[in-house]
Amino acid sequence: MNTSSVAGFAGVVREQGLRYIGSVRLWGLVGLLGFLSLVGCNNSGGGLLDDPGATALPSLKVNLPPPPSFAEPNTPREYPDGTVSVYGLRKEFHRYSEQKNKYLGQKVKLKAFLVEVYQCPVCPKNQTCKPCSEPHMFVADEANPAKDKAMLVVEHRVFKVKDPKITIGKQYTFEGMFQQSSPKGFSASDGLIVFYNMVDDTNKPYIGPAQVAELEAAKFEAAAAKAKGAAPPPPAPGK
């Protein structure tokens, strides 16, 4: 076989090979289209669901919670009379910063709605029940808030003194120390109020244990200074 014959034979083989590859691709495409026509419904109503024994899968309904709102609330951080809101106290916690909360460890006047007052459960007769929790209240910037928006006001009850006359859903001004923990074991990472005083529904001041202790300490210091012949210390701010 001469060179020209070999070249001619190679050309024929290459041409036939290309035709074969093209045919394989064409038939593969036809097969894919045929499969898709079986899956979907055509104009004549045919499809896999028309086959005997075919079952349609139930539709899935996904219930997702509403997305959280990142909008600033309408409640101001501070009111014109100098009182602060629950939102204002909590907003001062700078979670990812070294900046300190300017209210933490300070005496504040919180204007808020009374949401709940803890009531010690009644212990049935002839039964042993666990001790009641220390007195506490929940307050918020709204009259009917979600529980996570409420703030603790703790240790307001004075031993052998009647509770203040207060009404759920009414707005009051609570004066107290803004802390993350209290002397009797309450704690809250977003802050709580250790109660000092308030004006109740009788329009009279109700003084809590913390302020009673502060007043007694001031009297003791004054008496001690007087006994030593020194000038008494100046009164505490706001007294």
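I looked up Lys 160 and found it exposed, at 77% relative accessibility. My cut-offs are over 50% for exposed, under 20% for buried and partly exposed in between, with a 1.4 Å probe and protein chains only. This is a predicted model, where local features need pLDDT of at least 70, side-chain atom pairs count only at pLDDT 80 or more, and totals for chains, interfaces and linings use all residues. Residues are numbered from 1 along each chain as its sequence is written, and side-chain values use heavy atoms, with hydrogens and water left out.

Backbone angles next. Lys 160 is not a glycine, and I read its phi as positive, near 60°. I place Lys 160 in the loop between E3 and E4. Strands (E, at least two residues) and helices (H or I, at least four) are DSSP runs, numbered from the N terminus.

I then checked Glu 155. Its phi is also positive, near 60°, in a residue other than glycine. Most residues other than glycine have a negative phi. Glu 155 sits in the loop between strand E3 (151-154) and strand E4 (171-181). Glu 155 is buried, at 9% relative accessible area.

Arg 90 took another entry. I found Arg 90 in helix H2 (residues 86-91). Arg 90 counts as buried, with a relative accessible area of 19%. What does the side chain of Arg 90 reach on the backbone? A polar atom of that side chain lies 2.6 Å from the backbone oxygen of Ala 150. Leaving out residues up to four places away in sequence, the list is Asp 148, Lys 149, Ala 150, Met 151 and Asp 190.

Last, I turned to helix H3 (residues 209-227). H3 has 19 residues and spans 27 Å from its first C-alpha to its last, close to the 27 Å expected at 1.5 Å a residue. The expected span is 1.5 Å times one less than the number of residues. Gly 229 follows H3, and its phi is positive, near 80°.

I also noted Ile 207, in strand E6 (residues 205-207). Ile 207 is partly exposed, at 36% relative accessibility.

Methods:
A polar contact is a pair of N or O atoms within 3.5 Å; within protein, one must be able to donate a hydrogen and the other to accept it, and residues adjacent in sequence count only if both atoms are side-chain atoms. Contact means heavy atoms within 4.5 Å.
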